[in-house]
Amino acid sequence: KVAATKSNLDTLRSRITLYRAKEGRYPETLADLVNKTYMDAGVRKPYLTKIPSELISSTKGRNEHVARQSDEALTNEGGWVYRTDTAEILVNLNEPLDRSWGDYTGQKPSEW
């Protein structure tokens, strides 16, 4: 679950970077990555077909996302936080993982 969440986080970060390269600006919200398209070798494609899931806060995964400024606190509700002023994407969990997470014990998902 940790590896999948980190991979999904990397996917979101790379799609935000691609959006910036193609559109000349960062997305206003993560929904822009699903709703807008770009040309790829003559084919129109969405930046993402769906927002990937964060798998730490829920066994079924959460793809909910909120937009926040960097000076606003995380809600720790799971899912993603998109920092609109810095174009950062974070896991919306700021509490250290407990020992049930093995090697990841003590890590804060928001710091990945």
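Predicted model: local features only at pLDDT ≥ 70, side-chain atom pairs only at ≥ 80, totals over all residues.
1. Glutamate 111 is exposed, its relative accessible area being 61%. The cut-offs in use are under 20% relative accessible area for buried, over 50% for exposed, and partly exposed in between, with a 1.4 Å probe and protein chains only. Glutamate 111 belongs to the segment after strand 5.

2. Residues are numbered from 1 along each chain as its sequence is written, and side-chain values use heavy atoms, with hydrogens and water left out.

3. The protein chain contains two helices and five strands, arranged from the N terminus as α-α-β-β-β-β-β. Helices (H or I, at least four residues) and strands (E, at least two) are DSSP runs, numbered from the N terminus.

4. As to overall dimensions, the C-alpha trace of the protein chain spans about 50 × 30 × 20 Å along its principal axes. Buried residues account for 32% of the 112 residues.

5. Glutamine 107 also deserves a remark. It is placed in the segment after strand 5 and counts as partly exposed, at 27% relative accessibility. From glutamine 107 to threonine 37 the C-alpha distance is 35 Å, at a sequence separation of 70 residues.

6. Three salt bridges are present in the structure, a salt bridge being a side-chain nitrogen of Lys or Arg within 4 Å of a carboxyl oxygen of Asp or Glu. In one of them, lysine 36 meets glutamate 23 at 3.7 Å, N to O. This pair links distant parts of the chain, 13 residues apart: lysine 36 sits in the loop between helix 2 (31-35) and strand 1 (37-40), and glutamate 23 in helix 1 (residues 2-23). Lysine 36 is partly exposed at 29%, and glutamate 23 is partly exposed at 28%.

7. Another salt bridge joins lysine 45 to aspartate 40, with the closest N and O atoms 3.2 Å apart. Lysine 45 is partly exposed, with a relative accessible area of 33%; for aspartate 40, likewise partly exposed, the value is 32%.

8. Arginine 62 and glutamate 64 also form a salt bridge, their closest N and O atoms being 3.3 Å apart. Glutamate 64 counts as partly exposed at 41% relative accessibility, and arginine 62 as partly exposed at 25%.

9. Asp71, Glu72, Asp85 and Glu88 form a negative surface patch. Patches are made of residues with over 30% relative accessible area and no salt bridge, like charges being joined within 9 Å and nonpolar side chains (Val, Leu, Ile, Met, Phe, Trp, Tyr) within 5 Å. Within the patch, aspartate 85 lies in the loop between strand 4 (80-83) and strand 5 (88-91). Aspartate 85 is partly exposed, at a relative accessible area of 39%.

Conventions: Areas by Shrake-Rupley, 256 points an atom, 1.4 Å probe, with all protein chains shown as cover. Lys, Arg positive; Asp, Glu negative; His and termini not counted. Charge placed at Lys NZ, Arg CZ, Asp CG, Glu CD.
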